[in-house]
Amino acid sequence: MAYVVYGDYNCPYSYLASLRVDELVRRGGSGVEWRAVEHDPRLPLTGSPSGAAADEWARELRQIAGLARPGEAVPDAPPPVVSNTGAAVAAYAEALTDGLAHEVRRALFRAIWVEGRHVGSPYEIRRIVAELMYPRTLPDGHRYGPDLPMPIDAGRAAAGTERRFGATVSVLGGPLTVTGQRRVERWRAEWRALTPVVPAVVCPDGTVLPGLDGLARLADLLDGPLPAATAPVNAERGLARAA
């Protein structure tokens, strides 16, 4: 069984949770599974200026700065525009199919919180994914390309060069495959049945730790034995922001 972390790309607490998941993965922990959810799917596709809630953002960013461990570089300012993250969630769901889940999760958080990009457009999401699938800077060529193999699974219906160049979300911002769509729907239903808070950490025994409690558990995992999955992590199995 694995620890499951539900997180929202617009949430600074989820950003910190993602950093801790990255560190667990870097150290060889295999028993942590990230599931992307939208805390507020009603956000406009054109985005909302973050300045409209400047005091709330400042409070949250001060809090995560106080929670950050040495080496955890947390953001000190919100993105200029708060994005609708539907397409980002869809891209992450499809990234599991392509074996790029951790990389896409990391890139989406970086795009929003470090680079200040507005990711509400599926075309912007495609650019972010393409930068991973077809990077320009690899000295030995591209990771994926028209003549290179690409990992797939039996549930993937889409194929071809377009996917290899980052087209893993539709022009409407949804997943390209039935498998991806089912992941998005299942993750949201499971999360909403547990808690309205993000991030939320579900322990192997089923205990739900929302918000700051979940962040504390991830910190404890970094201080103790690395979590190891005792059974294959099932990506098909089946939190308001932390305060």
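This is a predicted model: local features need pLDDT of at least 70, side-chain atom pairs count only at pLDDT 80 or more; totals for chains, interfaces and linings use all residues.
**Entry 1: ring pairs**

I began with the aromatic side chains and found six aromatic pairs. I looked up Tyr15 and Trp113: their ring centres are 6.4 Å apart and their planes stand at 65°, so I noted the pair as edge-to-face. Tyr15 belongs to helix 1 (residues 12-26) and Trp113 to helix 4 (residues 101-113), so I was looking at a link between parts of the chain 98 residues apart. Tyr15 is buried at 8% relative accessible area, and Trp113 is buried at 6%.

Next came Trp34 and Phe109. Their centres lie 5.8 Å apart with planes at 85°, so this pair is edge-to-face as well. Trp34 sits in strand 2 (residues 32-36) and Phe109 in helix 4, so the pair joins parts that are 75 residues apart in sequence. I found Trp34 buried, with a relative accessible area of 1%, and Phe109 buried, with 2%.

Where do the ring pairs lead? They link Tyr9, Tyr15, Trp34, Trp57, Phe109 and Trp113 into a cluster.

**Entry 2: charges over rings**

I stayed with Trp34 for a moment. The charged end of Arg105 sits over the ring of Trp34, 5.5 Å from the ring centre. I found another such case at Trp191, where the charged end of Arg192 sits over the ring, 5.6 Å from its centre.

**Entry 3: helix 1**

Helix 1 has 15 residues and spans 21 Å from first to last C-alpha, close to the expected 21 Å. Is helix 1 enclosed or open? I noted that 11 of its 15 residues are buried, so helix 1 is largely enclosed by the rest of the structure. Among the buried ones are Pro12, Tyr13, Leu16, Val21 and Leu24. What do they pack against? I listed strand 1 (3-7), strand 2, helix 2 (54-67), helix 4 and helix 8 (211-223). After helix 1 comes Gly28, with a positive phi near 105°.

**Entry 4: a serine in a loop**

I picked Ser50, in the loop between strand 3 (48-49) and helix 2. Ser50 is buried, at 8% relative accessibility. Leaving aside residues up to four places away in sequence, Ser50 touches Trp57, Pro78, Pro79, Pro80, Val81 and Val82.

**Entry 5: the nonpolar core**

In soluble globular proteins, nonpolar side chains tend to be buried together. Here the largest nonpolar core has 57 residues, and the members touching the most others are Val5, Tyr6, Tyr9, Trp34 and Ile125. I followed Tyr6 and, again skipping residues up to four places away in sequence, found contacts including Arg35, Trp187, Glu190 and Trp191.

**Entry 6: salt bridges**

Side chains of opposite charge can pair when their charged atoms come close. I found 15 salt bridges in the structure. Arg35 takes part in a salt bridge with Glu33, at 3.0 Å from N to O. Arg35 is also bridged to Glu190, with the closest N and O atoms 2.7 Å apart. Relative accessibility puts Arg35 at 1%, Glu33 at 7% and Glu190 at 15%. With the cut-off for buried at under 20%, Arg35 counts as buried, as do Glu33 and Glu190.

My last stop was Glu115, whose salt bridge with Arg117 has its closest N and O atoms 2.9 Å apart. Glu115 is partly exposed at 41%, whereas Arg117 is buried at 17%. Both belong to a network of salt bridges that also links Arg110, Glu124, Arg127 and Glu131.

Methods: Residues are numbered from 1 along each chain as its sequence is written. Side-chain values use heavy atoms; hydrogens and water are left out. Rings of Phe, Tyr and Trp (its six-membered ring) pair if their centres lie within 6.5 Å; planes under 30 degrees apart count as stacked, over 60 as edge-to-face and the rest as tilted. Helices (H or I, at least four residues) and strands (E, at least two) are DSSP runs, numbered from the N terminus. Buried means under 20% relative accessible area, exposed over 50%, partly exposed in between (1.4 Å probe, protein chains only). A charge sits over a ring if NZ of Lys or CZ of Arg is within 6 Å of the ring centre and within 35 degrees of the ring normal. The expected span of a helix is 1.5 Å times one less than its number of residues. Contact means heavy atoms within 4.5 Å. A nonpolar core is a set of buried Ala, Val, Leu, Ile, Met, Phe, Trp, Tyr and Cys residues joined through side-chain atoms within 4.5 Å. A salt bridge is a side-chain nitrogen of Lys or Arg within 4 Å of a carboxyl oxygen of Asp or Glu.
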